[in-house]
Amino acid sequence: MTLPYRTLQPWLLERFGRPVHRVALDAGSTCPNRDGTKGYGGCTYCDVEGSGTGAFKTGAELSVQLADGLARVARRGGDLPPGGPGVGAIAYFQSYSNTYVAIARLREVLAVLDPVLDRRPGAVVAVAIATRPDTLSEEALDVLAELARRVEVWVELGLETADDEVQRSIRRFHTLADFEDAVRRVHARGLLCVGHAILGLPGDGREGARRTAEALARTGVAGVKVHHLMVLRRTQMEKAWREGRIATLAVDEYVDWLGDFVERLGPEQVLHRITGDAAPADLLAPIWDVEKNVVREKLAAELDRRGTRQGARALPRGS
Ligand code: SF4
C-alpha cells in the first residue's frame with residue numbers, strides 16, 4: 001500500500017540497499033539548559049536523561065553500548081538471505097547536545113566508531129548526531145565533515161516549535177533563527193540534516209504545529225522527527241501538569257494536527273518518526289491505548305479522508 005506520506009524504512013532501503021536500524025548511544029554529554037550556561041533543569045519537557053537512554057550514567061562504556069547495539073541489530077538481520085549485504089546500523093548519538101563538548105572530547109567520542117568503520121563490509125552505514133542549533137560550532141562541523149569522508153553523517157537539530165515565544169516558555173533558549181542558521185551551516189558542509197518538532201507544546205496550538213512544519217519545509221531539512229507532547233516524570237512540566245496547567249493531546253486530536261503538519265512539509269522530506277516513545281514507568285500523560293502503528297494507520301486514513309498527502313499544502317520554496 002502506498003502511504004500518503006514518506007516514511008523512513010523504505011528510504012533507508014533505497015539509500016543503503018538493506019534494512020537499517022538505530023543503535024542509540026549515550027556519550028554522557030550535557031547541554032546549556034542544564035549546566036547553567038543558559039538555564040538549569042533543562043527544557044521543561046526533558047527528563048534528566050536528556051531525552052536519551054541514560055546508559056552513560058549507569059556506567060555503560062560507549063564502546064560496550066555500541067557493541068551491544070550492533071549485536072542486537074545483527075540479530076534482527078537473522079532472516080536475511082546469506083550472501084547479501086546484511087543488516088545496517090545507524091550509530092545514533094541521542095542523549096543531550098552531543099556537540100556541546102570540547103572538540104577533543106567530540107573526537108574521543110567519535111573515535112569509538114573507528115573499529116567498526118574500518119570493518120568491511122561495514123555494519124554502520126550512517127552516524128547521527130543529535131544536538132542543539134546553538135551548540136554547533138564551526139570546529140564541531142569540521143570534525144563531522146572529516147567523519148563524513150568515511151561514513152554518512154546526519155546532524156539532528158531540535159527546533160521543537162517555530163514560535164520563539166513558546167521556545168522561551170519551555171525554556172529552550174534558542175530561536176528559530178538559530179535553527180535556520182544551523183541548518184544552513186550543516187548543509188554548507190554537505191551533511192544531511194534532520195529537524196525535530198513537538199506538537200502540542202503549551203501555547204503553541206494547532207496553528208503553531210502548522211507554522212513549525214512550514215519552517216521545517218523552508219529550511220529543506222532532509223528528515224523530520226515529530227511527536228506529541230509527552231509529560232514525563234522528573235521534568236519541570238510534571239508539576240504544572242499535576243496542577244492542571246498543562247493539557248496534552250488525545251490521539252485523534254494529535255492525528256488531526258499531524259495531518260496539518262505533514263501536509264505542510266515538503267513532499268521529499270522523510271518522516272523519521274511520527275510518534276513519541278517513553279518508558280511506561282516515566283510517562284504521565286497522555287496515556288494512549290494504542291500502538292505506534294495505529295497512529296501511522298490513523299494518519300494515512302486522515303489524509304485519505306481529506307484527499308491530500310504530504311506536501312499538499314507546502315508553500316512554494318523561497319516563500
Ligand atoms: S531537550 Fe535537549 S536541550 Fe533541552 S534540556 Fe533536554 S538535552 Fe537539553
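What follows is a walk through this structure, from its overall build to a few local details.

Keep in mind that this is a predicted model. In terms of secondary structure, the protein comes to 11 helices and nine strands. Its C-alpha trace spans about 50 × 50 × 40 Å along the principal axes. A compact globule of 319 residues would have a radius of gyration near 20 Å, and the 19 Å of this protein agrees with that.

Let's start with the sheet. Seven strands make up an open sheet, and reading across it you get the order S1-S2-S3-S4-S5-S6-S8, with parallel pairing. The edges belong to strand S1 (20-25) and strand S8 (270-273); each has a single partner strand, so one side of each has no neighbour in the sheet. Strands of a sheet pair through backbone hydrogen bonds, in either a parallel or an antiparallel way.

Helix H7 (residues 176-188) lies across S5 and strand S4 (152-160), and its direction makes an angle of about 175° with S4. Helix H10 lies across S5 and S6, running at about 145° to S5.

One partner is helix H8 (residues 205-219): the axes of H8 and H10 come within 8 Å and cross at roughly 25°. That angle makes H8 roughly parallel to H10. The crossing of H8 over H10 is right-handed. On the H8 side, the contact is made by Arg206, Ala209, Arg210, Ala213, Glu214 and Ala217, and on the H10 side by Trp257, Asp260, Phe261 and Arg264. Sorted by class, the contact of H8 with H10 has five nonpolar, no polar and five charged residues.

The other partner is H11. Helix H10 (residues 251-264) and helix H11 (residues 292-306) pack at an angle of about 60°, and their axes are 9 Å apart. That makes H10 oblique to H11. This crossing, too, is right-handed. From H10, the residues involved are Val251, Val255, Asp256, Leu258, Gly259 and Val262, which meet Val295, Lys298, Leu299, Glu302, Leu303 and Arg306 of H11. The contact of H10 with H11 splits into seven nonpolar, one polar and four charged residues.

Elsewhere in the chain, there is another helix pair to visit. The axes of H3 and helix H5 (residues 138-147) come within 10 Å and cross at roughly 20°. H3 and H5 are therefore roughly parallel to each other. H3 passes H5 in a right-handed crossing. Look for Ile103, Leu106, Arg107 and Leu110 on H3, in contact with Glu139, Ala140, Val143 and Leu147 on H5. The count for the contact of H3 with H5 is six nonpolar, no polar and two charged residues.

Finally, two spots in the loops deserve a look at their backbone. Most residues other than glycine have a negative phi, and most peptide bonds are trans. Tyrosine 96 has a phi near 60°, a positive value in a residue that isn't glycine. You'll find tyrosine 96 in the loop between strand S2 (88-93) and helix H3 (103-111). The other spot is the peptide bond joining alanine 285 and proline 286, which is cis, with omega at about -5°. Proline 286 belongs to the loop between strand S9 (283-285) and H11.

Definitions and conventions:
Residues are numbered from 1 along each chain as its sequence is written. This is a predicted model: local features need pLDDT of at least 70, side-chain atom pairs count only at pLDDT 80 or more; totals for chains, interfaces and linings use all residues. Axes are lines fitted to C-alpha atoms, for helices over the stretch in contact, and angles run from 0 to 180 degrees between N-to-C directions. Helices (H or I, at least four residues) and strands (E, at least two) are DSSP runs, numbered from the N terminus. Angles under 35 degrees count as roughly parallel, over 145 as roughly antiparallel, 65 to 115 as roughly perpendicular and the rest as oblique. A crossing is left-handed if the near helix is turned anticlockwise from the far one by less than a right angle, and right-handed if clockwise. Two residues are in contact if their C-beta atoms, placed from the backbone, lie within 7 Å. Ala, Val, Leu, Ile, Met, Phe, Trp, Tyr, Cys and Pro count as nonpolar, Asp, Glu, Lys and Arg as charged, and the others, Gly among them, as polar. Two strands pair if DSSP finds at least two bridges between them. The radius of gyration is taken over C-alpha atoms; the globule rule is 2.2 Å times the number of residues to the power 0.38.
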